[in-house]
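Let us walk through this structure, starting with the place where its chains meet.

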Amino acid sequence: MPTYKLYYFYGRGRAEIARLIFAAAGETYEDIRYEREEWPSHKSEMPLGQMPVLEVDGVKIPQSMTIARFLSKQFKLAGKDNLEQAKVDAVVDTSIDLAVKYVPLLMQQDESKKKEEIAKFFTDELPKHMKNFETLGKLYGDGSQFFVGNHLTFADLEVYDMLSYVVKIDDKFLQSYPWLERNRQEVEKNSKIAEYIKNRKETPF
Amino acid sequence: MSYKLHYFNVRGYAEVSRLIFAAAGQNFEDIRYERNSEEWTKHKNEMPLGQVPVLEYDGMKLPQSKAIARFLANQFHLAGKDNFEQAKVDSIVDTLYDLVAAFIPVRMEQDETKQKELAKKFFDEELPKHLKNLETLGKMYSNGGSFFVGNQLTWADLTFYNFTDLIFQSNSDCLNNYSWLQNNRAEVEKQPKIAEYLKNRPKTM
């Protein structure tokens with residue numbers, strides 16, 4: 001049994017998808033979190049001077065999506081064969097397309113500018129991404145409420161994590177997207193995820 | 001089982017997949033649309049997200065260039081020999097995509113003065129950071145060989161080769177101080193199936 005250590009900051013951010021996968025799988029790991037002030041002294045220990053990093057039996061792997069994919073394959077949450085895993089990956093890549101456009105808006109320091117930019121994004125840009133998610137879910141979900149093949153995978157967890165940042169701004173937004181709303185409910189119904197979310201501490205990001 | 005790859009008549013985001021097919025000696029239908037053509041407009045709606053590249057295989061349409069490439073690499077044993085090696089390969093591919101994401105705005109800038117400014121910043125500051133990261137990962141994961149991971153060709157090497165081809169169009173000297181990376185490119189070019197493909201591929205952007 002390998003030992004896993006996950007290194008990140010005190011926040012959800014780019015590490016949360018890995019934590020959700022560990023939770024869904026019921027697997028243990030060392031959840032190492034550095035304060036902002038102590039990070040500089042650890043930066044050189046990380047292959048790319050960045051986090052998150054996953055250490056597996058002493059070997060470090062950088063890149064948040066790589067970490068998540070590796071863990072999901074370890075714990076059979078990645079799709080049951082290469083074809084299913086490819087569908088899962090396509091959904092995840094579609095989530096990243098959204099993240100690349102949306103997350104920078106959340107980091108805007110000027111509060112009124114931030115509110116304005118996010119509102120514009122929700123009207124002009126976000127619907128396209130939601131439609132893309134629903135298209136893939138209906139294409140690959142085999143008629144189920146999961147994104148791929150009738151069972152929980154990394155795709156459902158990634159979209160769950162991503163849309164948390166949408167729901168936080170407007171908790172009614174998903175009502176226009178019933179398939180996504182039901183998918184989100186399906187993830188929340190998972191007992192291990194529900195337990196994890198219930199006990200998860202509130203963090204600034 | 002046959003493979004069809006839909007894309008524009010350029011290298012762009014499909015070329016890594018074409019290189020993977022070539023390295024594997026696998027036939028595929030290399031469908032190329034001219035941008036802004038009536039033909040593309042006709043086919044756009046057949047693509048799940050209205051985008052290309054799309055891979056058609058076993059009745060499935062798969063969007064997202066990275067997902068496609070990873071699927072093909074796994075099909076043809078060019079992805080890494082086990083989940084952990086595949087994670088090392090993925091982490092290098094993700095790092096390469098970070099590099100390309102930083103390069104695209106430089107390449108696409110129309111204003112000549114601004115473009116020169118962005119290019120200088122990219123080549124002086126941004127690129128060296130990524131190249132150093134790539135050498136770090138290569139030396140960590142290569143088991144002393146010339147390929148990025150585990151002493152054999154993987155799609156990490158093909159992705160690196162392809163993206164540096166792109167960057168060379170703007171600055172052909174940018175790898176001069178990175179002997180490990182230069183050697184890696186040379187090893188890829190030497191592979192007979194790759195050499196053959198590079199010689200015969202359509203001359204496009």
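A polar contact is a pair of N or O atoms within 3.5 Å; within protein, one must be able to donate a hydrogen and the other to accept it, and residues adjacent in sequence count only if both atoms are side-chain atoms. Between chain A and chain B, 17 residue pairs are in polar contact, both residues at pLDDT 80 or more. The model is predicted: local features need pLDDT of at least 70, side-chain atom pairs count only at pLDDT 80 or more, and totals for chains, interfaces and linings use all residues. Residues are numbered from 1 along each chain as its sequence is written, chains are lettered from A and ligands numbered from 1 in the order in which they are written, and side-chain values use heavy atoms, leaving out hydrogens and water.

Two salt bridges also cross this interface. Each is a side-chain nitrogen of Lys or Arg within 4 Å of a carboxyl oxygen of Asp or Glu. In one, Arg69(A) pairs with Asp90(B). Their closest N and O atoms are 3.1 Å apart.

Which elements of chain A give two or more residues to the side that touches chain B? They are β4 (59-62), α2 (64-74), α3 (82-106) and α5 (126-140). Helices (H or I, at least four residues) and strands (E, at least two) are DSSP runs, numbered from the N terminus. α3(A) gives the most, with nine residues.

Now the whole contact, meaning heavy atoms within 4.5 Å. Chain A brings 28 residues and chain B brings 30.
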